[in-house]
Structure formats: C-alpha cells, structure tokens
Amino acid sequence: LVYPPDVKLTEKEKTSICYLSFPDSYSGCLGDTQFSFRLRQSVGRRATTLREDDYDRDAPVTLQRETSHFIGYVYFRQVRDASVKRGYFQKSLVLLSRLPYTHLFHSLLQIITPEFFEKLEPCLEAVCNEIDQWPSPVPGLTLNLPVMGVVLQVRIPSKADKPGGSPVRHALKENFLPAPTLLPSITDLDLFKCFQSVLVHLQMLWELTLLGEPVVVMAPSPTVSSETVLALVSSISPLKFCCDFRPYFTIHDNEFREYTTRTQAPPNVVLGVTNPFFIKTFQNWPHVVRLGEIRMAGDLPKQVKVKKLSKLKTLDTKPGIYTAYKTFLHKDKALIKRLLKGIQRKRPSEVQSAILRRHLLELTQSFIIPLERYMASLMPLQRSVTPWKTPPQIRPFSQDEFMSTLDHTGPQLTSVLKGDWMGLYRKFFRCPNFDGWYRQRHREMSQKLESLHLEVISDADLLGWTRDKSEVETVDLILKLREKLIKARRQQLQVRDGVLEKLEVFIKSVIWSLPRDLQRVLHHPETCSGSSTTQRPAAGPPPPRDLQRVLHHPETCSGSSTTPRPAAGPPPPETCSGSSTTPRPAAGPPPPRDLQRVLHHPETCSGSSTPPRPAAGPPPPRDLQRVLHHPETCSGSSTTQRPAAGPPPPRDLQRVLHHPETCSGSSTTPRPAAGPPPPRDLQRVLHHPETCSGSSTPPRPAAGPPPPRDLQRVLHHPETCSGSSTTPRPAAGPPPPRDLQRVLHHPET
C-alpha cells in the first residue's frame, strides 16, 4: 500500500523499499523495531522548487534536503499470531522523505503505527489530512505539529545558530489541549549508546569518517546498524559528509554488485549491514567494524579491539575493528576517562552523549578553522569592487600556501591533541569531503561578491555616466543590469534593503530617456519576436516612422498576432512567398528599402489578400507599379511567373499570341509559326502560357494617358470582336503602346 495514492514511485524503487523495510532473517527482531535506510532515487525525477531552495539556503549543511536519495524511516512489528499461516504477524510502516529529521520522524511513527496496524488505510488517510495542514519547515522557527490528538513542538535549526549552543525557543502563542510534546531536537542521536563499545577507538573512527574512507559496520540488528552509521556521519558536523552512506544495506539492494566488486577499489561509502554473508563479501574492504551485543566487564561496557583484516574470515568472527589504519592524531585519554567514570556513577545517557558531541564538535572545528581562515584570505578586498568593472575573481586555493600558514594559525591553537596534523590535511585534500566543502564555500563567496557588486552599482551615479554615452552603450548597461537583477532574485542574494528597487527605478528612468523605438523594444521585447525571449535591437539608423510602426508592431497591421518582425537587411529569396517554389521577380533596379520590406513581406501589412495601396508620393518605376498593382502574379501560387520585359515580338508571333486558336485545333499549347525561333523568354511564354496567371480576376490597368477610341472599344467590349468569349481580336492599325500590349496579350492577368 502506498499513501497518498497519487505518489509516483518506479517499480525499481518499490522493490528496493520492500526489501529494506524488513530485517534480515538472521536478525531475530521480535516485538517493535525502528530503523532507517537511504535509497538512491530513479533518474528523471523533478527538480527542486523555489521553496526547497529557500530552505536549503538557511538550513545547516547537515540538514539540507537530499537531492538524489530518499530516506526511509521504518517501524517494524513481529509478534506471534496463530491466525497467520507462518505463525507470526510481520508488518512494516515506512515514512519516506528527503529531510534528515531522524528523531522527529521516528517519534511520529511511534504515534501513528500502533493505530495503523489496527485500522489500516483509514488511519493513514486521517493522518495524511492532518500532515497536509502542517506548515513548511522554516529554519529558525518553532513549529507545532498536531497529529492524532498529540501536538509535537519542534524547532527547525538554522545556519545562523551557534554550533553546540542552545537556541532560544519562541513562546507558544496557541493554547493547545493537551499540552504539546516538546522534542529537544529533530535529528540528535544517542551518540553514547552508539559508541559505548568503541569509545577507546573514537579518534580512529572520526578520522576515517573525515577522510571519507570505505567503512562497513556489521551489527546484530538494523537498529544498531542504522544508528551507528548515522552517528559516524554526524561525528564530523558541522562539516557535511559528502560521500555516500547507507544506514541499512541488504544483498537485494540495486548497488550490491557495484559495492562488492573486487575488480576495483572499494568506493567511498559507509555501509551498515546485518547479514553475516557480508563478512566474506567485504574481505577486500580496508575497514570493517564488527559490533556485537553490548557486554559488560564489571560496570563498564567491554571495549572491542583493533584486529588485522586477515582474521576476518569466518561467520562467527568476534566483535572488533578490522583495519590496518594508523591514526594521525593521538587518543584523547582524558575524554575516555571522563566517559568511563560517568558510567560508573550512572550518569544519564543524554549527559554522556552531550559530552561526546561537544568533544567531536570542538575537534572538527579545530580542524576546519584554519581552512576557513585561509579561504577568507582568498576573497578580494571590498575596495577592489567597482561599479564600472566585473567583480574581481576569487584567488585559487593553494595547498602549499595553506600548509605554510599552519605553523602560526594551525589547529594546535584550539586543540590539545598532538599528532601529524599536516599529514591529516594532505590526505583530506584528496577526499570528497574537501571537494564538497570547497565548492560550497566558493559558491557562498561568489554570491557575496555579486551582492557587493550590486550594492556598489546602486551607490554610483549611473545617470551621470549615461549622459555622454551612446545609445548602444546605454542599452548594453540596461540589459546587463536586468540580467544581474534576475540572477539576484533567483539566487536569493543577501543585499541591503532597497538596493534592487533602486536599480529597477534607474532602469526605468534611463529607458524613458531613450528614443521611442528603443523604448518600445526595451519595454515590450515580446512584440519583436514570436518568442517571449528578450532580443536586443539590431544596430543601424532608425527607419521612417510608418515603417517603425510596421516593424515594431506587426500585429497591428495583420489579422494575426503572431506575425514575426522581418529581419534586417535584404531577405533571402524564399521569404518572398508562402511557397518555397515561387520564382524570384525579373532583374531590375532595386526599389527603395522601405518598399523592399513591404514587397518581401506583404503578409505583415494586411490580414486580407487584397493588395495594399502604395503610400502617397512620386510614382515608383513601372515594374514596381506592376508588382504593386498585381501582387498576385508574384506570390500566392507556386507556379506563377512574371513575364520577362523586352521589345515587342515580330508580327507573326503577335498573330500567334493574339489568335492562338487559329493555329491549332487543340486546346493545348499551339505550335509557333514558321520562321526564326523567337527569343527564349517568348518561348517560355508560348510553351507555358498557364504559368503567367494565378488569378482569374482582371486587374485594373496601370495609370497613364487614355488609349485611342478603337482600343477603348476593344478593352470595354472584347466580346464584340471575337466569336470566343475569351480571346479578343485586336483592332486594325498600328501596334498599341507597350503597356497596352501587355494588357491585350494577357487579359486574364
């Protein structure tokens, strides 16, 4: 059963969850058992949302959301039941999350699960409805979480909290009945309980975790296994453990072959297992921690010994730490004595854990403070950040330079432990934990530089700078500032109050000082393209106003709102027609540039097929008049061709053209009269007359002096001059002018 039902899990994920939700058969877990596991999620899951980015920005690095793994929190019950075929009731309830809130979620399962085993799905439905009302986790806030008549009160830790300190709790505003159950922490484990059999080797385990070494923890139960692995990972807090770790791992896991192969070195991962089969499988691993049931030696828990790896062979291997690792630092004997004395005095486990956690925190801070101090020295000085240049770069990390600073500012200033600190640092530089720490710090420093740069820009006299600058430089400044503002809001940069708003006001005021065409482009970039992506205006002198209107707002000249803005310059041939086969018009003197735009993109000036009237002014050349009066002959059909201009044909060819029906009894193309072959352009017209017209509507004749009366009669009443209703006979007399010849020869155009 998966609840809520709309949650999408792949079959691979479901199978892995099922195997990880039950203890191995070797673990005799009777009663109720709680443990946790970590599962690699399938490829292709959704990206993080803005709310998740806000949480990760303010949360400590050890409590940030998992991006590629799920964390499963398991409550397993196994009790005798005669009504079941196998004689036992065995069932698990698993809570799946990306948040590492171990203590909170295990406490939640303790409330939900006993009720669930009795009422099943209706119980989950009621619980999920209550959880849906919970507020989102906000670092630094105290939340009240009601569920099944209980209110859990927890505080979400913040990055601003002092490490190891006690954060101030907010007063409870609501009056809850019953009173809320306070959880002191959402993550803290009982470290002393986890480490009580390996206290004398605590320094070794801390170093192995810090260096990201491959470690296998073999425990008698999934509870001990998962708690020990999580305790190891948290021992280097506030440093984030950047390697993989699996609190509970089985032979059915998808990564089993990847982790147990002997053809390559073991990966940097900490595994928790319970199946004795792994003793044989992990013989090639360099560090194996074998834990058994806690045994007391008098009043004290018996401490395991460090043993050679060669002794790790049989299934009944005794507890111990099987490794050849030599520690860089000496043991803290004072801490071990203090903890063992606390056991004799029956000091509470919570107090022992607090002492242990404090020691590990101070040890990690002593190691990391010199790195933080050196990293801060790589940051450029604030006075080197100027508004007129890009922010300066962070200096690269130099290991040799850092090592030279350890004599005066090394960990010996804050830690009493002696040993080879330099050797520990050299090995740390080669592990994934250093790489993860450096990337995180470098990202934070880069964002700090961006914030400083924005603040310096907002304090500068930008309006004064733009007064003597060209339009191109001003527009470039506006575009760069816009890009910076978008980046600042996306990354949630921490800047002074009012900085972003001040830059927005400056951008608007500068845009209003620019010419109108640039204002339109910068205010409404989406009107210049079919895409919503902002485009920079093309360089060059502005076109006339009427053409500016057509170019900037093509949608106002057409019935379509998606007409693209024509590209600057002479367009390619294929843009002159809706079809890729439309021929190019005959050669001639190029028309003016504005007419070229209209001729090349007539669809941008009208939503109708009616040809537009040319703008008032001196008449264009005759060939352009013909194109403007009869645009359908140049576009709209994939076969229409414009007849070539030239001298009138010979009389016999004129006769053929005027009376084609007298030369053939067929309606197909007539054969030309005998004589010298006509020119090529006329041959084309004779062979393919149908290619000279794509429309049946007669156009209006071009403007000019009126023709003679006899020609007027022919033009007005062609049907009186021929037995056919289509081809008129020409009037006798001298040949008409050339423009009239075109009309007479091609009346159907």
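Me: Which residue of β2 stands opposite Leu39?

Reply: Phe70 of β2 stands opposite Leu39. This is a predicted model, where local features need pLDDT of at least 70 and side-chain atom pairs count only at pLDDT 80 or more, while totals for chains, interfaces and linings use all residues. Residues are numbered from 1 along each chain as its sequence is written, and side-chain values use heavy atoms, with hydrogens and water left out.

Me: How do you know that β1 and β2 pair?

Reply: Two strands pair if DSSP finds at least two bridges between them. Strand β1 (residues 31-40) and strand β2 (residues 69-80) have 10 bridges, in the antiparallel sense. The pair therefore meets the definition. Strands are DSSP runs of E, at least two residues long; helices are runs of H or I, at least four; both are numbered from the N terminus.

Me: Why is β1 called mostly covered?

Reply: Of its 10 residues, 7 are buried. Buried means under 20% relative accessible area; exposed is over 50%, with partly exposed in between (1.4 Å probe, protein chains only). Across the 749 residues of the protein, 41% count as buried.

Me: What makes Leu518 buried?

Reply: Its relative accessible area is 11%, so Leu518 falls under the cut-off. Leu518 lies in helix α18 (residues 516-523). The C-alpha atoms of Leu518 and Val475 are 8.5 Å apart, though 43 residues separate the two along the chain.

Me: Which residues touch the most other members of the largest nonpolar core?

Reply: Phe367, Leu371 and Phe428, in a core of 65 residues. A nonpolar core is a set of buried Ala, Val, Leu, Ile, Met, Phe, Trp, Tyr and Cys residues joined through side-chain atoms within 4.5 Å. Helix α11 (residues 349-377) gives the most to this core, with 9 residues. Leu371 touches Phe397, Phe402, Tyr425, Phe428, Phe429 and Trp437, leaving aside residues up to four places away in sequence. A second, separate core has 29 residues, including Ala59, Tyr73, Ile112 and Phe116.

Me: Why do β8 and β13 stand at the edges?

Reply: Their open sheet has 6 strands, in the order β8-β9-β7-β10-β14-β13, with mixed pairing. β8 (244-246) and β13 (306-307) each have a single partner strand, so one side of each lacks a neighbour in the sheet. Within it, strand β10 (residues 287-290) and strand β14 (residues 320-323) pair antiparallel over 4 bridges. His287 stands opposite Thr323 in β14. Helix α6 (residues 202-210) packs on the sheet, touching β7 (215-218), β10, β13 and β14; its direction makes about 45° with that of β14.

Definitions and conventions. Contact means heavy atoms within 4.5 Å. Axes are lines fitted to C-alpha atoms, for helices over the stretch in contact, and angles run from 0 to 180 degrees between N-to-C directions.
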